[in-house]
Every structure is written in structure tokens, then in C-alpha cells.
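Take a look at the sequence and the structure before reading on.

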Amino acid sequence: MVEADAAIEFASRVGHHRAAMVAHHAAWLAALVGGRVAEAEARGREADALTARIGARRFEAQSLLWKAEASMLTGERVRAAELAKSALAVSRETALGFFGPCVLGMLAWTAEEPGGRAAAIEEAEALLALG
């Protein structure tokens, strides 16, 4: 997390908003993977603000994906599924190859029905096969 914070500080100081956004996303993911959901959510708000500021819409899918993961970690499967569906919609509008397979993996994780799970996995595998 020290490195992410240093990258955020440096990118902000020199006015490189995209680099700061990416560093905020890295900090968000590190907190999330570390199980620090509250910290991850705070980091996510910063990343979302920069994403909106620079108009990097494809990163919205990434944000929605990680919000879905946080929801799963806190036992909110229905909310996670809704967020994953929103992430997939953004991915389809912007760059499905960017985070699409990850989003589809989240859809599979949150799916209640085996058919929905299988369809999400099949589509993710097809995207990955494209390289």
C-alpha cells in the first residue's frame, strides 16, 4: 500500500490524473484483497472521482466489478449480482476485452442458476481465447 500511496501522491503532484486514477485503483484492489472492505470502499470513491473527472468510462466497469466483490465479501450476493450486471453493460459499451472476462467471472460467482453461471463462464472463456 505504501507504493500505491506514493504513486498517488506523485501523480497528483505532477497533475497526471490518469496515473493517479490507476494508482487509486491499485490501492483499492490491495485493500479489497486484504479484506479491508471499508478502506477499499474509501479508496474506490477516490478512484471513481478521478474516473469521472477524466472521462475514462471503461474504468467504471472495473470499479463496479470491485464493488461487486466487496458486496460478496460482506454477504450481499444480490447487490453483487446487480453490480456485476452493470459492470458488464459498461464493458459491452466501452471495451469488453479490458475487464470483460473478470466481470463475467463475477457474474458466474453471483449467479443463482447453474445455467447463468455456465453461460457467463462460457462467454469469459471465449473472450480469453481471443487473446
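## The largest pocket

How much space lies in the largest pocket? About 150 Å³, where a volume is the space filled by probe spheres set on grid points joined across faces, edges and corners. A pocket here is an open set of points on a 1 Å grid over the protein atoms alone, where a 1.4 Å probe fits, with protein on both sides within 12 Å along at least five of seven lines; lining residues have an atom within 4 Å of a point.

Before going further, a word on the source: this is a predicted model, in which local features need pLDDT of at least 70 and side-chain atom pairs count only at pLDDT 80 or more, while totals for chains, interfaces and linings use all residues. Residues are numbered from 1 along each chain as its sequence is written, and side-chain values use heavy atoms, leaving out hydrogens and water.

## Who lines the pocket

The lining consists of W28, A40, E41, G44, R45, D48, K67, A70, S71, T74, E76 and R79. Two elements, α3 and α4, each give two or more residues to it; helices are DSSP runs of H or I with at least four residues, numbered from the N terminus. The largest share, five residues, comes from α3.

S71 is buried, with a relative accessible area of 1% (buried means under 20%, exposed over 50%, with a 1.4 Å probe and protein chains only). Leaving aside neighbours within four places in sequence, S71 is in contact (heavy atoms within 4.5 Å) with E76, R77, R79, A80 and L83.

## Helix α3

α3 has 18 residues and reaches 25 Å from its first C-alpha to its last, close to the 26 Å expected at 1.5 Å a residue (1.5 Å times one less than the number of residues). Its buried residues are V37, A40, R43, G44, A47, L50 and T51. They cover an arc of only 135° around the axis, which puts them on the same side of α3; the arc is that of the directions from the helix axis to the C-beta atoms.

The buried residues of α3 pack against α1, α2 and α4. On the other side of α3, A38, R45, A52 and R53 are exposed. After α3 comes G55, whose phi is positive, near 70°.

## Helix α1

Buried in α1 are A4, I8 and A11. They cover an arc of only 75° around the axis, so they sit on the same side of α1. An α-helix has 3.6 residues a turn, so residues three or four places apart point the same way.

What covers the buried residues of α1 includes α2 (17–33) and α3 (37–54), while V2, E3 and R13 are exposed on the other side of α1. G15 follows α1, with a positive phi near 80°.

## The nonpolar cores

The largest nonpolar core has 28 residues, and those with the most contacts inside it are L65, W66, V103, L104, M106 and L107. Such a core is a set of buried Ala, Val, Leu, Ile, Met, Phe, Trp, Tyr and Cys residues joined through side-chain atoms within 4.5 Å. α4 gives the most to this core, with seven residues.

Leaving aside neighbours within four places in sequence, M106 is in contact with L65, A68, E69, M72 and A84. A second, separate core of six residues includes A11, M21, L50 and A56.
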